[in-house]
Amino acid sequence: MTQNPFGQTDNQTHENMHTGSVTQQMNHGGHELFDVHEALSGTVACLNQAMLLRTHVKDPELLDILDRQYRFTLDAYNITVECFKTGRNPSHPTGRYEMKQGNDFVYGMKPSQPKKPMQSEADISDEIISGFLLGSAKAGASMKTMAATETCNPVVRRVLADSVPNCIEMAYELAIYQNKHHYYQVPQLAAQDMQQLLNSFASSQGQPGMPTNTLQ
């Protein structure tokens, strides 16, 4: 048997105290099955939503973001399904999403119209579309994190965990896009309050002495 990067061996079996050996394909716990099912369902919804919204996008920059994120998310979905069904390494590793945006936020608030629900389909805009996409990326990060913490299969756990930073990066890219167009404004605290919070913790110096634990 050969060792793989996820800490298990090919053709490895596991033990169920009631039914005997468990194959790699069936190396999943109950919570894992439900949570990964939820994460994959959420990804399908995210992809379907992007497909429906794409025809309404007006800004070429937003269209480029949508397309790049769609392609990356679809690939991540495919390899997650692959390892979930087989219990083995997927055909290729999880990629790393890299955004084109810079990382500079513009801070401060300027007057704007209050947000309200759409009255008709004609109200859809790039602001609304980018908001949908941002919400999906945030939801994906949360669902995959929760699923990874409940996953027994080491391959599925690693694929899910590796996907979380990509969801965060996609959300960051969309937040910067929204901020640049004043769809998402970022207030700051007063300098004095900010400084007080920044200095409210200090590093721990040296190695603390651990209390003695006498095992019984």
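**Chat about a helical model**

Modeller: In this predicted model, helix H3 gives the most to the lining of the largest pocket, with 4 residues.

Colleague: OK, how much space lies in that largest pocket?

Modeller: About 430 Å³. There are 17 residues lining the pocket, and the closest to its centre are Pro114, Lys115, Lys116, Glu127 and Ile128.

Colleague: Let me back up a bit. What does the secondary structure of the chain come to?

Modeller: The chain has 5 helices and 2 strands. Reading from the N terminus, the order is β-β-α-α-α-α-α.

Colleague: And what share of the chain's residues is buried?

Modeller: Buried residues are 34% of the 216 in the chain.

Colleague: Now the inside. How many residues are in the largest nonpolar core?

Modeller: That core has 22 residues, and Leu62, Ile129, Leu133 and Leu174 have the most contacts inside it. At least two of its residues come from each of H1 (30-54), H2 (60-86), H3 (126-149) and H4 (154-180).

Colleague: Which helix gives the largest share of this core?

Modeller: H4 does, with 6 residues. There's also a second, separate core of 12 residues, which includes Val36, Ile79, Val155 and Val156.

Colleague: Back to Leu62. What does Leu62 touch, leaving out residues up to four places away in sequence?

Modeller: Leu62 touches Val57, Asp126, Ile129, Ser130, Leu133, Leu174 and Tyr177. Two of those partners, Ile129 and Leu133, are also on the list of residues with the most contacts inside the largest core.

Colleague: Switching to H1. Which helices do the buried residues of H1 pack against?

Modeller: They pack against H2, H3 and H4. The buried residues themselves are Glu32, Val36, Ala39, Leu40, Gly42, Thr43, Leu47, Ala50 and Leu53.

Colleague: Next, Ser136. Where is that one, and is it buried or exposed?

Modeller: Ser136 sits in helix H3. Its relative accessibility is 16%, and the cut-off for buried is under 20%, so Ser136 counts as buried.

Colleague: What does Ser136 touch, again skipping residues up to four places away in sequence?

Modeller: Ser136 touches Cys46 and Gln49. The C-alpha atoms of Ser136 and Gly42 are separated by 8.3 Å, although the two residues are 94 apart along the chain.

Colleague: Last topic: how many cavities of 30 Å³ or more does a search of the whole structure find?

Modeller: The search finds 3. The largest cavity holds about 210 Å³ of space. It has 17 lining residues, and the closest to its centre are Cys46, Thr73, Ser136, Ala137 and Met170.

Terms used. Residues numbered from 1 in each chain as written. Predicted model: local features only at pLDDT ≥ 70, side-chain atom pairs only at ≥ 80, totals over all residues. Heavy atoms only, no water. Core = buried A, V, L, I, M, F, W, Y, C linked by side-chain atoms within 4.5 Å. Buried < 20%, exposed > 50% of the residue type's maximum accessible area, 1.4 Å probe, protein only. Contact = heavy atoms within 4.5 Å. 1 Å grid on protein atoms, 1.4 Å probe; cavity = no way out; pocket = protein on both sides within 12 Å on 5 of 7 lines; lining within 4 Å. Points joined across faces, edges and corners; volume = space filled by probe spheres on them.
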